[in-house]
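I opened the model to look up a surface patch, a metal site and a ligand site. My entries follow.

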Amino acid sequence: MTSSLPDDAKNNAQPARDATIAARDRPVPAGVNAAQYGSDVAADALRALDVPYIALNPGASYRGLHDSIVNYLGNERPQMLLCLHEESAVAIAHGYAKITGKAMAAAVHSNVGLMHATMAIFNAWCDRMPMIILGATGPVDTVKRRPWIDWIHTARDQGALIRGYTKWDDQPASPTAAREAVLRAGWIANTAPRGPTYVNLDAGMQEEKLADAVAPIDAQRFMPEVKSAASPEMVTKAADLLRAAKFPVILAGRVSRDLGAWNKRVALAERLAARVVTDLKIGASFPTDHALHAGAPGGTALSPEAAEAIRAADVILSLDWVDMAGTLKSAGGNTVAKFVQVSVDHRLHNGWSMDYQGLPRVDVMVDCEPDVAVPALLAALGPAKPHLVPTKTVAPFKPTGDKLTVDHLAAALHRAVGDRPTSLTHISLSWNGAAWPFHHPLDFLGGDGGGGVGGGPGISVGAALALKGSGRLPVAVCGDGDFLMGVTSLWTAAHYHIPLLIVVANNRSFFNDELHQERVARMRNRPIENRWIGQRISEPDIDLAAMARAQGAQGFGPVTAVRDLEATFAKAIAAVEAGQVAVVDVRVEPGYTAPVTAMMTRTSD
Ligand SMILES: Cc1ncc(C[n+]2csc(CCOP(=O)(O)OP(=O)(O)O)c2C)c(N)n1
Ligand SMILES: [Mg+2]
């Protein structure tokens, strides 16, 4: 095949492709060996980005590109992953990036497809995860539009729908401009602070026959690697503060999935004898049963130990912590501590989205990614007399009570998983951070980023896709509300043979909001007994295992007794190890951890 890109640009290192997935949806050879249409040029650029997959739901607005991927690229590099909803397509790209740190692609139809995708894009944006979204518009040239449909599916500024929560967008007007836009989209998305980018391809431009061949370019030279470095002056200042600290605390936030960087964070904490706080909103950043880890990781609420450590700290080092100002407020405040912030996040903020959180007090700002700053800090601190790192024995997690709770679910699942390297790709809002220790950066991937319920299943499918063949078991724990909103993403996993276990912590309720209604009732002195109305998902109960089976997954449950949990999980894990998607419906008592419940039902701020 000759193309608008030279071979050396196309043959750079590709992620290992999975043979079972690659065998799916094979086209008959189309015999196309040169770019002939505008969309062929865009497809060439997509291949130069080195993205293995493009998750999509189809639409006529990009039928040109669709044809180019199938008949010009032969449906490989990228291979299409058909999704039943645009929210799933984007969530799958999100989950893939959570594991690899790299952008995958997603394609969505004009207007309505992008509208479906918006929440998932917002989730990825708040999670600082890269992805390249390709969209389309009916012909911009009104003369070329089909009656009615091309008019309703054309907008003057489609990017405006998502501009507040994407890093960059473009609507290129020619094939050469489209090539440039796709390369720029990949480059910007993958450069820290990472995030989604969007390229809107005019249907007319896609379908236009090329008058002349587009001159080849060396694509890699248009996407130079970007490395941010720590300012030596700021590193020295930070190291001086930390060296002198008596009660240093590290807030270990958004960091990479790299094991070497993980080990360096442990070395830094041990060098400083600093207490470390981690957050369930983001992927594992520090061993949670290390003696220096303060309490269990929290999500909505800090553990009492973490709050105490933050209040007592004299120097606080944030490694791109998600919400420094809010965390300080939740901990009860600390007016004396000096703050060191390591982050590039301030380079991303815009006026639409406020996910930047409150303006934190910062005494020393180290403007780079934590993976870069931590070794620099270690070097600047130099060796020290080894601190006595206190040892900590974490008591085995023991759920209490006879009723089946999320804690019972977690304990039995942990036992069933045993020694297998496991990645928790998602957890329910009811999850107890004490239930499952993390020892590796891939042990836990964090939350959905933007608090958009329904992301759990799709993100988990994307993570499982990236983990396929790695020897790690992908396990998701989803709330029933979350599962029900995203359940059709399981079909994509089943169709492409992406093994995954999803356990549903099924409290038959949008329970989070029961606690909000309880809080309002308390504040207004009204009956809290009514908190369930408009929240409970029962009468009839939904057969979640049947919904899983309907997507081609194995469905188990509902499990209603503690004694049946472990054996059912064992069967489901066996199914996943045999290459299947398995779902276990576990009927749990509604309830959150004590600190979260206390926080959510208090009557004052
Ligand atoms: C798209 C979306 N709709 C509504 C909400 C508000 N909301 C937050 S948590 C929640 C309940 C989620 O239910 P489930 O996943 O079953 O978890 P549970 O609270 O029951 O453990 C809802 C409706 C949201 N965050 N996102
Ligand atoms: Mg629920």
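I looked for nonpolar surface patches and noted one of about 240 Å², made by Val112, Met115 and Leu161. Such patches take residues with over 30% relative accessible area and no salt bridge, with nonpolar side chains joined within 5 Å. A salt bridge is a Lys or Arg side-chain nitrogen within 4 Å of an Asp or Glu carboxyl oxygen. Areas are Shrake-Rupley values with a 1.4 Å probe. Leu161 sits in the loop between α7 (149–152) and β5 (168–170), and is partly exposed at 35% (buried is under 20%, exposed over 50%, partly exposed in between). Helices are DSSP runs of H or I with at least four residues, strands runs of E with at least two.

I note that this is a predicted model, with local features needing pLDDT of at least 70 and side-chain atom pairs 80 or more, while totals for chains, interfaces and linings use all residues. Residues are numbered from 1 along each chain, ligands from 1 in the order written, and hydrogens and water are left out of side-chain values.

Next I checked the magnesium ion (ligand 2). Its protein donors (N, O or S within 2.8 Å; 3.2 Å for Na, K and Ca) are Asp480 (OD), Asn507 (OD1) and Ser509 (O), at 2.0 to 2.1 Å. Asp480 belongs to helix α17 (480–486), and Asn507 to the loop between β14 (500–506) and α19 (511–524), 27 residues apart. Asp480 is buried at 2%, and Asn507 is buried at 9%.

Last, I took ligand 1. A backbone N or O atom of Gly451 lies 2.8 Å from a ligand nitrogen (polar contacts are N or O pairs within 3.5 Å). The protein buries 77% of the 580 Å² that ligand 1 exposes when taken alone.

How values were computed: Buried means under 20% relative accessible area, exposed over 50%, partly exposed in between (1.4 Å probe, protein chains only). Patches are made of residues with over 30% relative accessible area and no salt bridge: like charges are joined within 9 Å, nonpolar side chains (Val, Leu, Ile, Met, Phe, Trp, Tyr) within 5 Å. A polar contact is a pair of N or O atoms within 3.5 Å; within protein, one must be able to donate a hydrogen and the other to accept it, and residues adjacent in sequence count only if both atoms are side-chain atoms.
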